[in-house]
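Dear colleague,

I am handing over the structure below, together with some notes on what turned up when I went through it. Please read them alongside the coordinates.

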Amino acid sequence: MHPLDIDQLRSLVAIAESGSFTRAAEAVHKTQSAVSMQMKRLEERIGREIFVKAGRGVRLTEDGERLLDYARRIVRLQTECLATFDEGDLPGRVRLGLPDDYADRYLPEILGRFARAHPRAEVTVVCEPSDMLAERIADGDIDLAIVTEAKTGSKTGGRAGSAARGAGRRGVETIRTEALLWVTSSRHAVHREEPVPLALGRPACNWRLAAIEALERGGHQSRILFVSWNSTAVGAAVLAGLAVSVLPESALRSGMRVLGPQDGFAPLPACRIGLMRHRAGEPNPLADILAGHIRQSLDNLALDGLAPDAPGLAAE
């Protein structure tokens with residue numbers, strides 16, 4: 001068995017992320033004909049077609065999609081492995097963006113890991129909703145962003161998140177999946193009110209759209225009582241017994257109770273947490289290393305901080 005060529009896999013990932021052979025060739029510093037030849041040899045190696053014609057362009061076949069999943073993991077592992085041995089104590093600057101609720105839950109672990117390995121590196125952190133972070137990534141204002149993706153029902157366009165327009169964009173690597181849950185105060189019965197009072201994000205927030213749609217399917221009326229993109233503020237409204245909200249599983253806090261079908265609240269779509277990278281410009285080794293720390297931290301995140309009054313949650 002001849003091993004797969006890592007350069008060919010890297011080009012395949014570049015094609016998938018950029019959407020064209022021409023842009024992929026620029027990203028991997030090759031000519032378009034060289035990239036096309038790489039894909040031909042890769043098809044010969046696995047004995048399957050990777051691309052088929054689609055109009056004036058091409059698209060990945062089902063086998064191509066399967067290979068792409070492996071290619072991303074292989075390229076990522078090689079990058080992380082080399083970075084582990086090459087990183088040393090690098091000076092420099094890396095810019096990270098993430099929503100404020102992720103900052104509360106993930107930053108202590110991520111920054112702790114990174115700062116111990118790179119005490120001379122400077123990390124700039126920007127806390128904004130996912131859609132705004134996606135725009136910053138595209139503009140090159142930040143190097144990395146932790147954003148939210150989540151599938152929704154038909155009315156919300158197939159995706160949801162703390163702010164959703166950026167979550168469905170090309171180039172998001174899903175690094176964690178959690179349940180999205182209905183939550184209320186464990187000391188109050190506000191969820192029994194009709195219409196149901198809600199504490200949710202702004203009108204553009206697809207979690208908000210998914211929540212309202214789920215209530216409508218269940219025959220509930222609702223009213224928006226409290227609006228904020230700040231998760232701490234939304235959580236305060238829930239804990240005060242003022243409203244019901246939706247949160248990812250790892251965001252549950254003591255004093256919150258999870259609502260389910262037995263309470264008349266239909267299940268919500270899964271919440272997918274993704275990592276975005278700014279690819280243009282000069283390579284940033286610190287961004288590669290920080291991305292590795294983010295993946296490890298979120299992959300190893302335990303849900304042992306769940307509220308004691310939220311039993312029955314399915315394990316990841």
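I would begin with Ser185, whose side chain makes a polar contact of 2.8 Å with the side chain of His188; please bear in mind throughout that this is a predicted model. A polar atom of the Ser185 side chain also lies 3.1 Å from the backbone nitrogen of Arg187. The residue belongs to strand β7, which covers residues 180-185. Ser185 counts as buried because its relative accessible area is 1%, under the 20% that sets the limit. Once its neighbours within four places in sequence are set aside, Ser185 is in contact with Val238, Leu239, Gly241, Gly255 and Arg257.

As for the chain overall, there are 9 helices and 12 strands, and buried residues make up 47% of its 316 residues. Among the contacts with a separation of 6 or more, 76% are between residues 24 or more positions apart. The accessible surface of the chain comes to about 16,000 Å², and carbon and sulfur atoms account for 51% of that surface.

Turning to the first helix, α1 has 13 residues and spans 18 Å from its first C-alpha to its last, which is close to the 18 Å expected at 1.5 Å a residue. At the start of α1, a side-chain oxygen of Asp5 comes to within 2.7 Å of the backbone nitrogen of Asp7, while after the helix comes Gly19, with a positive phi near 90 degrees. The buried residues of α1 are Gln8, Leu9, Ser11, Leu12, Val13, Ala14, Ile15 and Ser18.

In the segment before α1 (6-18) lies Leu4, which together with Tyr70 and Ile74 forms a nonpolar patch on the surface, with about 270 Å² of accessible area between the three of them.

The C-alpha atoms of Gly264 and His191 are separated by 9.2 Å, although the two residues are 73 apart along the chain.

Key. Residues are numbered from 1 along each chain as its sequence is written. This is a predicted model: local features need pLDDT of at least 70, side-chain atom pairs count only at pLDDT 80 or more; totals for chains, interfaces and linings use all residues. Side-chain values use heavy atoms; hydrogens and water are left out. Patches are made of residues with over 30% relative accessible area and no salt bridge: like charges are joined within 9 Å, nonpolar side chains (Val, Leu, Ile, Met, Phe, Trp, Tyr) within 5 Å. Accessible areas come from the Shrake-Rupley method with a 1.4 Å probe; for residues, only the protein chains shown count as cover. A salt bridge is a side-chain nitrogen of Lys or Arg within 4 Å of a carboxyl oxygen of Asp or Glu. Helices (H or I, at least four residues) and strands (E, at least two) are DSSP runs, numbered from the N terminus. Buried means under 20% relative accessible area, exposed over 50%, partly exposed in between (1.4 Å probe, protein chains only). Contact means heavy atoms within 4.5 Å. The expected span of a helix is 1.5 Å times one less than its number of residues. A polar contact is a pair of N or O atoms within 3.5 Å; within protein, one must be able to donate a hydrogen and the other to accept it, and residues adjacent in sequence count only if both atoms are side-chain atoms.
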